[in-house]
Amino acid sequence: MKTQLEQIKAAAAAALHGAQDLKQVDALRVQYLGKKGELTGILKQMGKLSAEERPVMGQLANEVRAQIEADIARRQNELAAAAMEAQLKAETIDVTMPGSKPAMGKAHPLTTVLDEVKEIFLGMGFELGAGPEVELDYYNFEALNIPKDHPARDTQDTFYISDNVLLRTQTSPVQIRFMENNKPPIRMISPGRVYRSDAVDATHSPLFHQIEGLVVDKGVTMADLKGTLELFAKRLYGEDVQVRFRPHHFPFTEPSAEMDAMCFACHGEGCRLCKGEGWIEILGAGMVHPKVLQNCGVDPEVYSGFAFGMGLERIVMRRYNIDDLRLFYENDLRFLNQF
Ligand code: PHE
């Protein structure tokens, strides 16, 4: 029996030494120490021994069990340490490797310039207004002094949804909505999308962006209009920009004007960019028509105001010398990455 015990001890030690993972170690534990294990099998024969031999063998058996348990624990520790080491090795970050650069997104040129325009007007004390792109005929035309049979309706090729509902052709309806909901003094700009049924080409798109402006207070004059818009042009294009106002006509302003900036490419000489004019149109503007004020419940005897509207795409095209408006909507990264 003694030799059997010694053999079991040696065999268990050898088997454990060769065990490659914790599962194998556990199987060996069952094989040697389990209820049906080899050591247990021997202990069951203890009854056959003499009274003198029994305690001696008992002690030896206990020593063998303790030894096997110790071998198991040691092998478990070794395997756990090896696994940890392998994991650490696999997860090591080599700080000397060149990093991979994540692709950075950037703002669309329309967004960049719009942010600048907003910044300029917010700095002058304006607030932001907004209105729906699907608009009522009343706000887009009627309230702006453009009745149903007015010829100005022909110049804005309107997408109608029904007789009274349309896609707004300008941001001017926001003037009306803002005056309905706010009492003067009013200083508001409202950027947004507008729609016209135009065929797509280098300078036309059925969807584009305008920025509307409205100022209403007691004693507002054409001088305020000129001063505000000149200051805006200087902030946007630089201190030495030259601007001029030309008479124009809009049904909702009287008098009306268009503001031009001197061409930055040729400084008034006339070139391809300004189509030989020397000047580039920047925006439409005028004193708010008394009828428009009346339509919004503002007394034109007490209050006066000015309004302006500009096309964002045009301003951005002039800023960056872009000659085709379609580039803004094609999402070609070769184009967008230049800004
Ligand atoms: N809504 C006009 C347009 O689309 C621009 C404008 C706005 C003119 C405000 C005068 C005052 O052409």
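Between which helix and which strand does the loop that holds proline 185 lie? In this predicted model, where local features need pLDDT of at least 70, side-chain atom pairs count only at pLDDT 80 or more, and totals for chains, interfaces and linings use all residues, proline 185 is found in the loop between H8 and E4 (helices, H or I with at least four residues, and strands, E with at least two, are DSSP runs numbered from the N terminus). Residues are numbered from 1 along each chain as its sequence is written, and side-chain values use heavy atoms, with hydrogens and water left out.

The peptide bond that joins proline 184 and proline 185 is cis, with omega of about 5°. In the loop between helix H6 (137–140) and helix H7 (152–155) lies asparagine 145, a residue that is not a glycine and yet has a positive phi of about 70°. Most residues other than glycine have a negative phi, and most peptide bonds are trans.

Seven strands make up an open sheet of mixed pairing, in the order E1-E4-E5-E9-E8-E7-E6, where two strands count as paired if DSSP finds at least two bridges between them. Because strand E1 (127–128) and strand E6 (243–250) stand at the edges, each with a single partner strand, one side of each has no neighbour in the sheet. The pairing of E1 with strand E4 (residues 186–195) is parallel and runs over two bridges, and glutamate 127 has methionine 188 as its bridge partner in E4. Helix H8 (residues 173–181) packs on the sheet and touches E1, E4, E5 and E9, its direction making about 140° with that of E4; contact here means heavy atoms within 4.5 Å, and angles run from 0 to 180 degrees between N-to-C directions of axes fitted to C-alpha atoms, for helices over the stretch in contact. Helix H9 (residues 222–237) lies across E6, strand E7 (253–262), E8 and E9, and runs at about 145° to E8.

Around the ligand there are 14 residues, of which Gln170, Ser172, Arg196, Gln210 and Glu212 come nearest (a residue is near a molecule if one of its heavy atoms lies within 4 Å of it). This shell has five nonpolar, seven polar and two charged residues. Strand E5 (207–217), strand E8 (279–288) and strand E9 (304–311) each supply at least two residues of the shell, and the largest share, three residues, comes from E9. A nitrogen atom of the ligand is 2.8 Å from an N or O atom in the side chain of glutamine 170, while a polar side-chain atom of glutamine 210 lies 2.9 Å from an oxygen atom of the ligand.

How values were computed. A polar contact is a pair of N or O atoms within 3.5 Å; within protein, one must be able to donate a hydrogen and the other to accept it, and residues adjacent in sequence count only if both atoms are side-chain atoms. Ala, Val, Leu, Ile, Met, Phe, Trp, Tyr, Cys and Pro count as nonpolar, Asp, Glu, Lys and Arg as charged, and the others, Gly among them, as polar.
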